[in-house]
Amino acid sequence: MKINQLELSEFRNYETLSVQFDESVNILYGDNAQGKTNVLEAIYLCGTTKSHKGSKDKEMIRLSSDESHIRMMIEKAGIPHRIDMHLRKSKAKGVAIDGVPIKRSSELMGLLHIVFFSPEDLSMIKNGPGERRRFLDLELCQLDQTYLYHLGNYNRAVNQKNNLLKQIGFQKELKDTVEIWDRQLIEHGSVLIDTRKRFVDELNDLLPDIHAKLSGGKEELYVRYEANVSKSEFGQKLAVNLEKDLILKSTSCGPHRDDISFYVGDKNLKLFGSQGQQRTAALSLKLAEIELVRRKIKESPILLLDDVLSELDRNRQTYLLESITDLQTIITCTGLEEFVDNKKRYHKIFHVVDGVLNET
Ligand SMILES: Nc1ncnc2c1ncn2[C@@H]1O[C@H](COP(=O)(O)OP(=O)(O)O)[C@@H](O)[C@H]1O
Ligand SMILES: [Mg+2]
């Protein structure tokens, strides 16, 4: 799959933009705060209905405007499609595929598959569990419509139950209705647990080879799924925790507390890995993610690399650049130094200055 063209109007610091991408490697370079990441954000938004940073729609609309438009011309399995997105300050966004408005944003999922790689991803292993769950969810929602459906319902049920836990403080008789939400948590949560487990297994099929190359054959990396609760014990744990949850006013067990951890041999990298090891493992994980998408959807995803090259040492830079030969990639960076030594051809290079792209 590939993006042929992106058009923006009144998005972030872009008044208007129209850019045609090459089907191979595209580089956007320029000083800080010129609008490089904003271009990647627009692409990610158009592909997944969400900002990669979790920004709200109204934050992405250009400050002086009330609405933004994004249009993206893509090609999937040789067939061209047009995605139109209309962001509004006080209303939900409008999305259309090939000119036909869609009702639910989930209908857009699966049309385009995007792998986003940012410096924050490099710290994913040492940061809090929320970021690792976000990784699981962002990837799984793109791969699996069923997961997307159950995740939405599960998160809603957690919120509803937590609201109820607060209300019970004033209205004790409501305690009987907790069960209604617990049933929902179990129904949807069980699918999340199964799907995450499978996903981690699939990553583990790919990771050892990739990581061995990145670490010079010295290390064998694998991921472990740290489910907060098993499917079979979920119902029982919810019941046992109820009194505690009523005091905390929040649901203390369930897949919303899941985590994944990274091991080299029996060493947990979060606790015992050096910063270099943690970053290399994160890079391996991203490369495994690309490979997994290829296996599943039989097409290459689109890779967005936001300022990560300068964070990697020379060997890892080279390895990364060499691994991305056959997928459309858009790279942002401040300078072009990283590319001088690499023999690979860069097909389009844009200099980004204050919301304007100049092809060089
Ligand atoms: N809603 C907005 N309206 C106008 N400008 C914005 C908006 N959001 C961010 N910006 C501007 O975008 C610039 C940052 O763009 P970004 O793409 O993150 O830069 P970089 O080139 O460093 O990746 C900043 O100058 C910021 O003020
Ligand atoms: Mg940036």
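## Helix 6 and helix 7

Let's start with a pair of helices: helix 6 and helix 7 meet in a right-handed crossing, where right-handed means that the near helix is turned clockwise from the far one by less than a right angle, and left-handed that it is turned anticlockwise. Helices (H or I, at least four residues) are DSSP runs, numbered from the N terminus. This is a predicted model, in which local features need pLDDT of at least 70 and side-chain atom pairs count only at pLDDT 80 or more, while totals for chains, interfaces and linings use all residues. Residues are numbered from 1 along each chain as its sequence is written, and chains are lettered from A and ligands numbered from 1 in the order in which they are written.

Axes here are lines fitted to C-alpha atoms over the stretch in contact, with angles from 0 to 180 degrees between N-to-C directions. On helix 6 the contact includes Val178, Leu185 and Ile186, and on helix 7 it includes Phe234 and Leu238; residues are in contact if their C-beta atoms, placed from the backbone, lie within 7 Å. By class, this contact has six nonpolar, three polar and one charged residues. Ala, Val, Leu, Ile, Met, Phe, Trp, Tyr, Cys and Pro count as nonpolar, Asp, Glu, Lys and Arg as charged, and the others, Gly among them, as polar.

## Helix 5 and helix 6

Helix 6 also packs with helix 5 (residues 145-168), at an angle of about 145° and with the axes 8 Å apart. This crossing is left-handed. Among the contact residues are Tyr147, His150 and Tyr154 of helix 5 and Trp181, Leu185 and His188 of helix 6. Eleven nonpolar, eight polar and one charged residues make up the contact.

## Two domains

The protein is divided into domain 1 (1-113 + 300-360) and domain 2 (120-298), with bounds from an automatic or database domain assignment. Their centres, taken over C-alpha atoms, are 27 Å apart.

Where they touch, 15 residues of domain 1 are in contact with 14 residues of domain 2. Helix 10 (residues 314-323) gives the largest share of the domain 1 side, four residues. That side divides into seven nonpolar, six polar and two charged residues.

## Around ligand 1

Ligand 1 is surrounded by 16 residues, the closest being Asn13, Ala33, Lys36, Thr37 and Asn38; a residue is near the ligand if its C-beta atom, placed from the backbone, lies within 6 Å of it. Helix 1 (36-48) and helix 2 (57-60) each supply at least two residues of this shell, and helix 1 gives the most, with three. The shell has five nonpolar, seven polar and four charged residues.

Definitions and conventions: Contact = placed C-beta atoms within 7 Å.
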